[in-house]
Every structure is written in C-alpha cells, then in structure tokens.
Amino acid sequence: IGGAGCRIVETLNSHDERSKVKSVRSFVFDADTEVIHSMKSLEVKRRIVLSPSDPTKGGYTCGDDFDLTSITDCFQEEGFSEIDGIFLCAGLGGRMADLVPRFMEELENAFPDPVFTILTLPCRFEGAKVSARAAEQLEAIRQMGSASIIFDNETWAGRIETEAAAAAAELNAEGVPKPLTRRQTSDLY
C-alpha cells in the first residue's frame, strides 16, 4: 500500500521470481499511477490504482479519502484457496498508511488467514509532523491485534549506502570487480 509498500512488494516479488519458488502472490495499491506503472515485476492486473471516495473533492490528504469497497474482489478473482498468511506492506507517515487498518479489516473479514504488516519508519529528515503521523498510524494498526515487522528506514538506507560504497571501492578503473587475493579465496572455502 503506497509508494514505500509498493517498493517493498516489488522487491519481495522480484526475489520470489528469481528464486523460482513462486510462493508469493503480490498486489500493489496506490493512488499514484506513476508508482503503480513502475512496478515491473508484477502483472498489470495486480497493480491497482485506488479511486477517491469523492471524485469531486480536490485534494486527497488521508487514506479515508479512498474507496476500498472492492479490494477483496481482486484477491477472490485470483481464486486463492491456499493462503498461509497475508502481509500488508506500507511506509508509516505517508497518507496511504492510513489505509492499513481498513485493508486489514477488509481482509480479515474475507479470509480466515492471519494478516501481518511489514512497516517502515520514516527518516528523521522527513520531520516531526511525519513522525507524529507515523506514531498515530502505528497505534491504529496495533489496535487491530496483528503482528507487525517494523524496519527503521534510516538505518536500513544507511546500511545499503555503506555496502554500495564498499562494493564500488572493490571495482577497478574499468568497473570490473578486483580479483580476489589468495587469502580471500581461501576464506570462501
């Protein structure tokens, strides 16, 4: 759900495709058509653009501004019969994370399987207002009684940047990885 949630799902779906396990069936939901169209590892029918509840209203500032009456239809049309669990992914602090409790309620009413959440915390540079909104959203999600996996986005992003810098340092001038030393080779075995 939302840009961050869609990117998480895209990553998990891509990994599932590469591993050839095919244990994940993914859907993405967002009001931003650019985000939805950028999800290349998902079939078009699994990329859902959320419609506003009131099309005449100008700005859509929170999740309540969107119609969720048919979200379970897209799952039921797929003929899901063997579900072990449902994971909702979202970035806390944004407007689309407001939808997570409503999604959870719809899915819990439609399926007997547990609904879990994978959530990312906002970065410090996003400001106090976004952090406060994230805290409110997390509290609303926790009231649903599900289990959540929460990632500190800032720490995660810092780790990725560090690893990318280290990987870049391992390239020679032509952009080819430097050959392993005898010691590094023996460490592999």
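Colleague: Which exposed residues does the face of α5 turned away from its buried side carry?

Modeller: This is a predicted model, in which local features need pLDDT of at least 70 and side-chain atom pairs count only at pLDDT 80 or more, while totals for chains, interfaces and linings use all residues. Residues are numbered from 1 along each chain as its sequence is written, and side-chain values use heavy atoms, with hydrogens and water left out. Helices (H or I, at least four residues) and strands (E, at least two) are DSSP runs numbered from the N terminus; buried means under 20% relative accessible area, exposed over 50% and partly exposed in between (1.4 Å probe, protein chains only). On the face of α5 turned away from its buried side, the exposed residues are Ala128, Lys129 and Glu136.

Colleague: What arc do the buried residues of α5 cover around the axis?

Modeller: The buried residues in α5 are Ala134, Gln137, Leu138 and Ile141. They lie on the same side of α5 because their arc around the axis is only 100°. The arc is that of the directions from the helix axis to the C-beta atoms, and here its value is 100°.

Colleague: How far apart are the end C-alpha atoms of helix α5?

Modeller: The expected span of a helix is 1.5 Å times one less than its number of residues. For the 15 residues of α5 (residues 128–142), this rule gives 21 Å. The model agrees, since the end C-alpha atoms of α5 are separated by 21 Å.

Colleague: What do the buried residues of α1 pack against?

Modeller: Helix α1 (residues 2–19) reaches 26 Å from its first C-alpha to its last, close to the expected 26 Å. Its buried residues include Gly2, Cys6, Val9 and Asp16. By contact (heavy atoms within 4.5 Å), the buried residues of α1 pack against β1 (28–30), α2 (33–37), β3 and β4.

Colleague: How many disulfides does a search of the whole structure find?

Modeller: A disulfide is a pair of cysteine sulfur atoms within 2.5 Å. The sulfur of Cys6 has its closest cysteine sulfur in Cys89, 9.4 Å away, and so is too far for a bond. Cys6 is buried at a relative accessible area of 0%, and Cys89 is buried at 4%. Across the whole structure, the number of disulfides found is zero.

Colleague: Which residue in β4 is the bridge partner of Phe87?

Modeller: Phe87 lies in strand β3 and is partly exposed, with a relative accessible area of 46%. Not counting residues up to four places away in sequence, Phe87 touches Phe116, Ile118 and Ile149. Phe87 and Phe116 are 29 residues apart in sequence but 4.8 Å apart in space, C-alpha to C-alpha. The bridge partner of Phe87 in β4 is Phe116.

Colleague: Which residue in β5 is the bridge partner of Ile118?

Modeller: β4 and β5 pair in the parallel sense over five bridges. Together with α5, these strands make a right-handed β-α-β unit. In β5, Ile118 has as its bridge partner Ile149.

Key. Pairing = 2+ DSSP bridges. Right-handed = clockwise from strand over helix to strand, strands pointing away.
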